[in-house]
Amino acid sequence: MTTHASAEAPDNASVLAEEKQSFFRQPRAVWATALAAVFAFMGIGLVDPILPAIAENLDASPSQVSLLFTSYFLVTAVAMLVTGVISSRIGGKRTLLLGLGLIVVFASLAGLSGDVATLVGFRAGWGLGNALFVATALAVIVGVASGGTATAIILYEAALGLGISLGPLLGALLGGWQWRAPFFGTAGLMAAAFIALAVLLPATPKPATRTSLRDPLRALRHRGLRTTASSALFYNYGFFTILAFTPFVLGMDAYGIGAVFFGWGLMVAVFSVLVAPVLQRRLGTTRVLLLTLGSLALVLAGLTLAAERSVAAVVVLVIVSGALLGINNTLYTELAMGVSDAPRPVASAGYNFVRWLGGALAPFAATKLAELYSPQATYGVAAAMVLVAAGVVLAGRASLTQAAE
């Protein structure tokens, strides 16, 4: 045993050194796309610190304000089915720029809204731009990055984590001054990203085969991809219960909420990039996924006990959840991109269509459960959903093993 371990050590060390080197040596186009992705993902958590302020200023209930997330993710989910159709006809670069342009327009309009219904509608348009950008950005990074698919996915998840952590911080800094300011701030950032991509990203060739509307749905016939997407749907319910509902439990101002979710997002970023690959190599993807989903269910059970009893405990548990969410995000993305033989953009579209439905359902359902029953009911249901996600992985483990282990 000792001899075998010592013989393998140099190989493992060389592999890690090569991965580290390839991670940082990327074409400028990759860094430009990743930076634009950071700005795009900032839009997810941007409204988090200002949810209570929006409710107060627009005379809306928490469940009405939660529709800012629901409309955004519902449109994002449905639009995932057409992203491949569009990008296969106009090319990846033009699709990215179209998505960024739509975000600039609708984020600006959101800042001008006079009532919550109008704001929800413009947030839905923002979701369309987000879908065009996010789905295409992953495919572009995978296609352009050096170091293979695994390195590209880590880059993408790093952008996701950094964007999710900086979004609440920007939302707090601008929202503490005026609740409309974060929307205009986002529009400015996305305009800068538009210019950067227009200059730095070379024209991407159109795929040899055009994607149809049915292709992402056909891809979901593969049991491994269907298992991954179905589990991610229930997992995302837990994810967005924490993100969209917890600001109403904390009872803090925009700065306090922003600080909590900045810490949460920082944990998402660090654990998705630095910890997930290590655990994956040592234990295998599905095993780590089952462990982290079980741990996340325990964290949500802890939030069930802490809600309305201890703000400090809620803060600690939310930040701890960020570590588990970061690991899971990377593992789910890798499974979705490699578990089936479908082209990566098609597999990504099918997977994201299903999983974002969980993000659309959770914010409204979570706040409505709290209004009808209690915050304890909200977190309890989220814990049950995460356990269902783990059960789906366990039931379909055989279909995931070939790609994951």
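These legends accompany a set of close-up views of a predicted model. Local features are reported at pLDDT of at least 70 and side-chain atom pairs only at pLDDT 80 or more, whereas totals for chains, interfaces and linings use all residues. Residues are numbered from 1 along each chain as its sequence is written, and side-chain values use heavy atoms, leaving out hydrogens and water.

**View 1. Helix α10 and its kink at alanine 244.**
Helices here are DSSP runs of H or I with at least four residues, numbered from the N terminus. Helix α10 covers residues 223–250, 28 residues in total, and spans 40 Å from its first C-alpha to its last. That is close to the 40 Å expected at 1.5 Å a residue, where the expected span is 1.5 Å times one less than the number of residues. Look for the kink of about 35° at alanine 244, shortly before proline 247; the bend at a residue is the angle between axes fitted to the seven residues ending there and the seven starting there. Of the 28 residues in α10, 22 are buried, and the helix is mostly covered. Buried means under 20% relative accessible area, exposed means over 50%, and partly exposed lies in between, using a 1.4 Å probe and protein chains only. Just after α10 comes glycine 251, with a positive phi of about 65°.

**View 2. Helix α4 meets helix α5.**
Two packed helices are described by the angle between their axes and the distance between the axes. Here, α4 (residues 62–90) and α5 (residues 92–111) pack at an angle of about 125°, and their axes are 7 Å apart. Axes are lines fitted to C-alpha atoms, for helices over the stretch in contact, with angles between N-to-C directions running from 0 to 180 degrees. The angle makes α4 oblique to α5: angles under 35 degrees count as roughly parallel, over 145 as roughly antiparallel, 65 to 115 as roughly perpendicular, and the rest as oblique. On the α4 side you will find Ile86, Ser87 and Ile90, which meet Gly92, Arg94 and Thr95 of α5. By class, this contact of α4 with α5 has two nonpolar, three polar and one charged residues. In this scheme Ala, Val, Leu, Ile, Met, Phe, Trp, Tyr, Cys and Pro are nonpolar, Asp, Glu, Lys and Arg are charged, and the others, Gly among them, are polar.

**View 3. Helix α4 alongside helix α14.**
The axes of α4 and α14 (residues 344–372) come within 8 Å and cross at roughly 170°. This makes α4 roughly antiparallel to α14. Their contact residues divide into 16 nonpolar, eight polar and two charged. Threonine 70 lies in α4 and is buried, with a relative accessible area of 14%. Leaving aside neighbours within four places in sequence, threonine 70 is in contact with Ala360, Pro363 and Phe364, contact meaning heavy atoms within 4.5 Å. Also in α4 is serine 88, which counts as buried at 2% relative accessibility. Serine 88 and proline 205 are 117 residues apart in sequence, yet 9.0 Å apart in space, C-alpha to C-alpha.

Not counting residues up to four places away in sequence, threonine 33 touches Leu96, Phe133, Ala137, Val140, Ile141, Leu197 and Leu201. The C-alpha atoms of threonine 33 and isoleucine 141 are separated by 7.1 Å, although the two residues are 108 apart along the chain. Leu197 is also among the buried residues of α8, together with Ala181, Pro182, Phe183, Thr186, Ala187, Met190 and Ala193. Helix α8 itself (residues 181–200) has 20 residues and reaches 29 Å from its first C-alpha to its last, close to the expected 28 Å.

**View 4. Positive phi at aspartate 59 and glutamate 308.**
Aspartate 59 has phi near 55°, a positive value in a residue other than glycine. This aspartate is found in the loop between α3 (51–57) and α4, and at 72% relative accessibility it counts as exposed. Glutamate 308, not a glycine either, has a positive phi of about 65°. Its place is the loop between α12 and α13 (311–338), and glutamate 308 is exposed, with a relative accessible area of 63%.

Terms used
Helices (H or I, at least four residues) and strands (E, at least two) are DSSP runs, numbered from the N terminus.
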